[in-house]
Amino acid sequence: MTKGLIIGAAVALLLAGETAGFDAFPIATHPRGEFSPRVAGSLVVWYDLRTAEVTDSDIYAKDLGGGAEFPVCTAPEYQGGPVVGDGLVVWTDGRSGNWDLYGYDLASGREVPLVVGPEPALSPDLGGGTLVWSTGTYTSDPVQGDIRGMDLTTGNQFPICEAIFGQAVPRISGNLVVWEDARNSLLTTEWDIYAYDLAAGTEFPVCMLPHSQGGPDVSGNIIVWTDHEYDIRGFDVTTGTEFPICTHDFAQSHPAIDGDLVVWKDWRNGDPDIYGYDLSRGIEFPIYVGPGDQSRPAVSGDLVVWNDRQTGQMDIWGAYVPEPATLLLLTCGCLALLARRQKRPSRS
């Protein structure tokens, strides 16, 4: 076997998960269910049904650095869609009969109202001292909603995008905000990906291909999203270049990115699992392939968390992804394994 074929086969083994084998572990497994995890550093947050029904969920958190699980908000009515960053946990809150945004200061242990008023505030995200959110929902007809921001130091709110039709699901990293945008819809609602540079004060389209693109995320200068064919694609803002991340025949969705690590939900094995891609090395690999459904991954550094239904209820699990050097060792392990196989005497 030639060296090129050996390397190709080694990478194939790595992608097939024969040597990746990242150890997954449970984070939250209460019988009533936990949903939509997000993570920053070692702190994982989610919304939780242990004390109520779907219409009265709460926000919980757990510090994987050794801290215990703790409730963040157990106020009446719905709390959901939590995010964490900048020393805050922020969520959508229905206690007033409207959709508001509340926060929990991790240093002081105090809850603070952030965006409270008649206009709905949904899908928050945090980054670089800025809070972003959407004012609309997918259920509006025609789709309505804008993207807004708040400087967390001053409390000043400001518009980010108020284009025709709707904008939704914003994400932020540094000065870059990305979202789903329906401004180009005609007879049916089709979503594109747009972005805004807070420092430059400029908006620009990221992807306006036919049909819908959705679920964007951003880290540094890289934007990722789900393409209308259920592939994962990326865009380098610095170079203005779009590129494929995963185009496997089966569906991929719900990408998340931090640094060079992109993760997503992947259907190639018959039910959804969690896969990843190292942008710096161009290597795709399974993060967790197991029974039941794995979905809604989030990532911070080398920690990946997701919703897991392997026991029949919705739990939260996680895994630490090896550094690129370790991935190389895994690949070298494949090379050694294949070399040994090549040296085995024939049984014929």
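Residue A251 touches Y230, K265, D266 and W267 when residues up to four places away in sequence are not counted, a contact being heavy atoms within 4.5 Å. The model is predicted: local features need pLDDT of at least 70, side-chain atom pairs count only at pLDDT 80 or more, and totals for chains, interfaces and linings use all residues. Residues are numbered from 1 along each chain as its sequence is written, and side-chain values use heavy atoms, with hydrogens and water left out.

A251 is located in the loop that lies between β21 (241-246) and β22 (252-258). Its relative accessible area is 24%, so A251 is classed as partly exposed; buried means under 20%, exposed over 50%, and partly exposed in between, with a 1.4 Å probe and protein chains only. The C-alpha atoms of A251 and D227 are 10.0 Å apart, with a sequence separation of 24 residues.

The chain contains two helices and 28 strands, which are DSSP runs (helices H or I, at least four residues; strands E, at least two) numbered from the N terminus. Of its 348 residues, 49% are buried. The accessible surface of the chain is about 15500 Å², and carbon and sulfur atoms account for 53% of that surface; areas were computed by the Shrake-Rupley method with a 1.4 Å probe. Among contacts between residues at least 6 apart in sequence, 35% join residues at least 24 apart.

Four strands form an open sheet with antiparallel pairing, in the order β2-β3-β4-β5; pairing requires at least two DSSP bridges between two strands. At its edges are β2 (34-40) and β5 (69-73), each of which pairs on one side only. From one strand to the next the twist averages 25°, with axes fitted to C-alpha atoms and angles between N-to-C directions running from 0 to 180 degrees. Strand β4 (residues 58-63) is joined to β5 by four bridges, and the two run antiparallel.
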